[in-house]
Amino acid sequence: MSKILVTGGCGYIGSHTIVDLIDHGFEVISVDSLVNSNEEILQGVRTITGVEVQNYPIDICHLTELRRVFQENQDIVGIIHFAALKAVGESVDQPLRYYRNNLNGLLNILDCMDQFGVKNLIFSSSCSVYGNAEQLPVTEATARQEAESPYARTKQFGEDIIADFAHIHPEHQSVLLRYFNPAGAHPSALIGEAPSNPASNLVPVITETAIGKREEVVVFGDDYPTRDGSCIRDYIHVMDLANAHTKAIQYLLNGNNTGNCEIFNLGIGEGVTVLEAIHAFMQVTGQKLNFRIGPRRAGDVEAIYANNNHAAQKLGWQAKYNIEDIMRSAWAWEEARTVTG
Ligand code: NAD
Ligand code: WQD
């Protein structure tokens with residue numbers, strides 16, 4: 001079995017990806033400092049897959065500790081690098097913490113790849129690198145605009161650092177995955193999004209309101225020039241996203257890549273408005289939702305959704321789930337985690 005190191009494996013996308021990797025015959029180890037997660041999520045992974053995944057609870061910014069992981073696991077063939085801080089608003093208030101964590105962590109991963117001869121890297125990038133895109137849907141060739149936050153800038157820098165590294169290391173190969181808006185949970189409701197920090201993304205805000213943890217959902221503006229006035233995003237089910245990582249690592253391991261630093265958009269290719277998302281939630285769950293229209297949120301782009309042809313053609317990836325599936329699974333997870341505490 002090929003061994004994959006997943007950084008941030010106790011996090012939201014990392015834990016779902018581990019399940020998909022195991023389902024496809026990979027052996028996985030995780031490195032996660034638990035700064036925004038809990039190791040208990042790996043119990044859910046074990047119940048789903050029957051496999052106990054080892055997590056090294058270390059901060060990847062500590063190079064000596066990270067090196068020890070590679071020393072103990074000389075058979076790692078690829079790295080999927082999720083570990084990063086990701087709260088956009090927090091990054092505006094704590095820019096240095098975001099730059100330090102997200103960039104030093106990546107630099108240490110690249111150092112270890114170099115030192116220990118690990119050739120394959122998948123990097124979590126974000127549609128936030130496009131900023132306020134000039135053309136929709138965005139393709140990988142759409143020009144990146146000024147980042148709207150320090151968080152988004154860490155993703156732009158991260159992509160550039162990997163491209164520079166790839167340039168001088170033709171033997172290394174990387175895939176940069178630009179996720180759009182990940183949401184939803186594993187269909188078993190045994191794992192899902194469980195951040196230590198309060199969630200601010202739309203879907204957890206909806207489910208937490210419906211279950212009574214929050215009073216209301218505030219729709220950030222209904223005066224945008226969109227079909228109902230609210231912002232448009234491309235919501236991608238976390239299970240589809242997880243599977244794209246398996247496909248991306250297989251793509252590199254099978255030598256199907258045509259460059260040593262390639263970029264893929266990962267969205268379903270359809271834009272959904274905030275109000276449509278809210279109505280989809282109410283329709284599939286039968287729950288009432290207390291929502292009201294509020295002012296615009298600073299830094300929000302009016303609309304963004306992906307052209308995903310590149311991932312379809314080269315990775316053979318296709319989204320299986322839509323906004324209704326996302327809402328159904330997110331609600332099942334919210335109910336399950338509220339019952340179990
Ligand atoms: P998450 O916070 O659930 O997972 C990230 C994990 O990394 C957490 O478990 C955290 O404890 C860990 N971590 C952070 N810094 C670390 C460090 N220095 N050392 C070791 N562990 C560390 O976030 P997620 O939603 O699963 O996101 C995963 C990746 O995808 C991140 O890089 C994020 O920026 C990127 N991304 C997320 C989204 C999204 O909306 N969720 C969208 C685009 C890109
Ligand atoms: C979605 C839509 C809000 C909450 C962020 C990051 C991006 C990527 C994905 C990491 C927007 C509206 C939200 C609420 C609302 N993450 N909304 N009321 O901002 O598109 O993207 O997560 O890389 O980089 O910026 O996601 O879920 O916060 O918002 O009306 O309480 O829902 O205005 O239109 P966003 P989101």
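Searching the whole structure gives 19 salt bridges, a salt bridge being a side-chain nitrogen of Lys or Arg within 4 Å of a carboxyl oxygen of Asp or Glu. Before the details, the ground rules: this is a predicted model, where local features need pLDDT of at least 70 and side-chain atom pairs count only at pLDDT 80 or more, while totals for chains, interfaces and linings use all residues. Residues are numbered from 1 along each chain as its sequence is written, chains are lettered from A and ligands numbered from 1 in the order in which they are written, and side-chain values use heavy atoms, with hydrogens and water left out.

Take R97 and E90. They form a salt bridge, with 3.5 Å between the closest N and O atoms. R97 is partly exposed at 31% relative accessibility, and E90 is partly exposed at 22%. For these labels, buried is under 20% relative accessible area, exposed is over 50%, and partly exposed is in between, using a 1.4 Å probe and protein chains only.

R153 pairs with E146, the closest N and O atoms being 3.4 Å apart. Here R153 is partly exposed at 24%, whereas E146 is exposed at 61%.

Then D223 and R296, a salt bridge with its closest N and O atoms 3.0 Å apart. This pair links distant parts of the chain, 73 residues apart: D223 sits in the loop between β8 (217-220) and β9 (232-233), and R296 in the loop between β13 (291-294) and α10 (309-315). Helices (H or I, at least four residues) and strands (E, at least two) are DSSP runs, numbered from the N terminus. R296 is partly exposed, at 44%.

There is also a network of salt bridges, linking E208, K213, R214, E334 and R337.

Now the ligand. Which residues are closest to ligand 2? They are Y151, L202, V218, R233 and D300, out of 18 that surround ligand 2, counting a residue if one of its heavy atoms lies within 4 Å.

Oxygen atoms of ligand 2 lie 2.8 Å from a polar backbone atom of L202, 2.5 Å from a polar side-chain atom of R233, and 2.5 Å from a side-chain N or O atom of D300. On its own, ligand 2 has 670 Å² of accessible area, and the protein covers 88% of that.

As for the shell around ligand 2, α7 (202-211) and β8 each supply at least two residues. β8 gives the most, with three.

Terms used. A polar contact is a pair of N or O atoms within 3.5 Å; within protein, one must be able to donate a hydrogen and the other to accept it, and residues adjacent in sequence count only if both atoms are side-chain atoms. Accessible areas come from the Shrake-Rupley method with a 1.4 Å probe; for residues, only the protein chains shown count as cover.
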